[in-house]
Amino acid sequence: MPVINRIADFHDDMTAWRRDIHQHPETAFEEHRTSDTVARRLEEFGIEVHRGLAGTGVVGILRSGEGPSIGLRADMDALHLDELNEFDHKSVNDGRMHACGHDGHTTMLLGAARYLAETGNFQGTVHFIFQPAEENEAGGRVMVEDGLFEKFPVEAVYGMHNWPGQSVGTIAVSEGPMMAAFDLFELTVTGRGAHGAMPHLGIDPVVVGAEIVGALQTIASRVTDAQDAIVVTVTKFHGGDTWNVIPDQVVLGGTTRSFRPQVQDAIEPAIRRIAEGVAAAHGATAELRYERRYPPTVNNAREAEIAANVAAEIVGETNVDHHPVPSMGSEDFSFMLQERPGCYVWLGNGPGKAGCMLHNPNYDFNDEILPIGASYWVRLVENVLSQGA
Ligand code: NI
């Protein structure tokens, strides 16, 4: 069973919706136009619409007889990025861009909603969950905190992300972790300022900071087991104003990624110990602020099997990757998976041309895959909420 014919029929409509959303990107919790567009289209399809969860979140409810309930989730937000593409649907909002394909995710779920509203070939309830602020700001967590699953009870929840570098017409899915946990940290290293020519009269926080950056790389494999994938990355190193003055202070910042809770638990104390220890060795001090952001995205076995079977129906068994290497990227769908069993899959977006991967200023969602993703959603619903289930 390849792409559903009726969905292929409205491929052009979906392409137009996707490009319209792409052209008008909005970032975390400010997705007002996008949210309005989604709500309006769902209403056009005859779907009951609830607004206001997590601010700009939208939930569509479609019932067809008695039966279980399923949640399908798409994210609506864009990134703070200047788009470098020059096509007609280029972003009109300066400094904002759909560089992660959430425009495509929103569109594929709308396509599925339209089809399911037309056909109603299932027994139960579908909740179409359109969430804000997937990037950095945990809109998924806010939806859960705002009572998503109390107001819209589901037995299972499913998510999807397009994946550049993975061929068009393929889907990757497995039980267990798909995406890493994401934390962030900031380290303030305080020494004592001095003349750049007489560093012995001060305590140079730049030198201390540099040593800390290197030492943090020993956490992977010297603190945590080498078998456990982790990343500790320093992405910021700020300090000093001029050529000949050693500053009092430098501030380092970065992110950590991991999969297992025990490993995630080990990282914060290790950063603190290393930073404070290295600083103390030089007579400086280091202060750590550590923030836990996203848990790992972990698929449940049963739902992963269901998703894999549906994927095989759409793209063919040989095009289902059952053993994808988990990504060190992160996803706030993880918060929904903490509350309900479910599964998150990657949909091939085609080759990332010239390094044009997610979060790249030249990225664009591949419209060719819109019917594939929408068909996957539809068959998933028709399988999970099959007649007489
Ligand atoms: Ni994304």
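This is a predicted model: local features need pLDDT of at least 70, side-chain atom pairs count only at pLDDT 80 or more; totals for chains, interfaces and linings use all residues.

Me: Is Asp103 buried or exposed?

Reply: Residues under 20% relative accessible area are classed as buried. Asp103 has 0% relative accessibility, so the class is buried.

Me: Which residues of the lining lie nearest the centre of the largest pocket?

Reply: The largest pocket holds about 560 Å³ of space. Its lining is made up of 26 residues. Those nearest the centre are Leu79, Cys100, Glu134, Glu135 and His359.

Me: Which element gives the largest share of the lining of the largest pocket?

Reply: Two elements give two or more residues to this lining: strand E4 (79-80) and strand E7 (156-164). The largest share is three residues, and it comes from E7.

Me: How many residues in the lining of the largest pocket are charged?

Reply: Split by class, this lining has 13 nonpolar residues and eight polar ones. The charged residues in the lining of the largest pocket number five.

Me: And the second largest pocket, how many of its lining residues are charged?

Reply: The second largest pocket has about 230 Å³ of space. Its lining includes Pro164, Lys353, Cys356, Tyr363 and Asp364. By class, the lining divides into five nonpolar and five polar residues, with the charged ones numbering two.

Me: Let's turn to the rings. What is the angle between the planes of Trp17 and Phe45?

Reply: The count of aromatic pairs comes to six, and Trp17 with Phe45 is one of the pairs. Their centres are 5.9 Å apart, and the pair is tilted. The angle between the planes is 40°.

Me: How many residues apart are Trp17 and Phe45?

Reply: Trp17 sits in helix H2 (residues 11-23). Phe45 is in the loop between helix H3 (32-44) and strand E1 (48-53). Trp17 is buried, as is Phe45. The pair links distant parts of the chain, with a separation of 28 residues.

Me: Why is the pair of Tyr376 and Trp377 tilted?

Reply: Both Tyr376 and Trp377 are buried. Their ring centres are 5.6 Å apart. Planes under 30 degrees apart count as stacked and over 60 as edge-to-face, with the rest tilted. The pair is tilted because its planes are at 50°.

Me: Which arginine lies over the face of Phe335?

Reply: Phe335 is linked by ring pairs into a cluster with Phe182 and Tyr294. At 5.9 Å from the ring centre of Phe335, over its face, lies Arg141.

Me: What is the distance from Arg114 to the ring centre of Phe10?

Reply: Arg114 lies over the face of Phe10. The distance to the ring centre is 4.1 Å.

Me: Now some backbone detail: what is phi of Ala54?

Reply: Ala54 is in the loop between E1 and strand E2 (57-64). At 4% relative accessibility, Ala54 counts as buried. Although Ala54 is not a glycine, its phi is positive, at about 55°.

Me: How far is Ala54 from Asp146, C-alpha to C-alpha?

Reply: Asp146 is in the loop between H5 and helix H6 (148-151), and is partly exposed with a relative accessible area of 31%. Ala54 and Asp146 are 92 residues apart along the chain. Their C-alpha atoms are separated by 6.4 Å.

Me: Is Glu287 buried or exposed?

Reply: Glu287 has its place in strand E15, residues 285-294. The cut-off for exposed is over 50% relative accessible area. With 59%, Glu287 is exposed.

Conventions. Residues are numbered from 1 along each chain as its sequence is written. Side-chain values use heavy atoms; hydrogens and water are left out. On a 1 Å grid over the protein atoms alone, a cavity is a set of points where a 1.4 Å probe fits but cannot get out, and a pocket is an open set with protein on both sides within 12 Å along at least five of seven lines; lining residues have an atom within 4 Å of a point. Grid points are joined across faces, edges and corners, and a volume is the space filled by probe spheres set on the points. Helices (H or I, at least four residues) and strands (E, at least two) are DSSP runs, numbered from the N terminus. Ala, Val, Leu, Ile, Met, Phe, Trp, Tyr, Cys and Pro count as nonpolar, Asp, Glu, Lys and Arg as charged, and the others, Gly among them, as polar. Rings of Phe, Tyr and Trp (its six-membered ring) pair if their centres lie within 6.5 Å; planes under 30 degrees apart count as stacked, over 60 as edge-to-face and the rest as tilted. Buried means under 20% relative accessible area, exposed over 50%, partly exposed in between (1.4 Å probe, protein chains only). A charge sits over a ring if NZ of Lys or CZ of Arg is within 6 Å of the ring centre and within 35 degrees of the ring normal.
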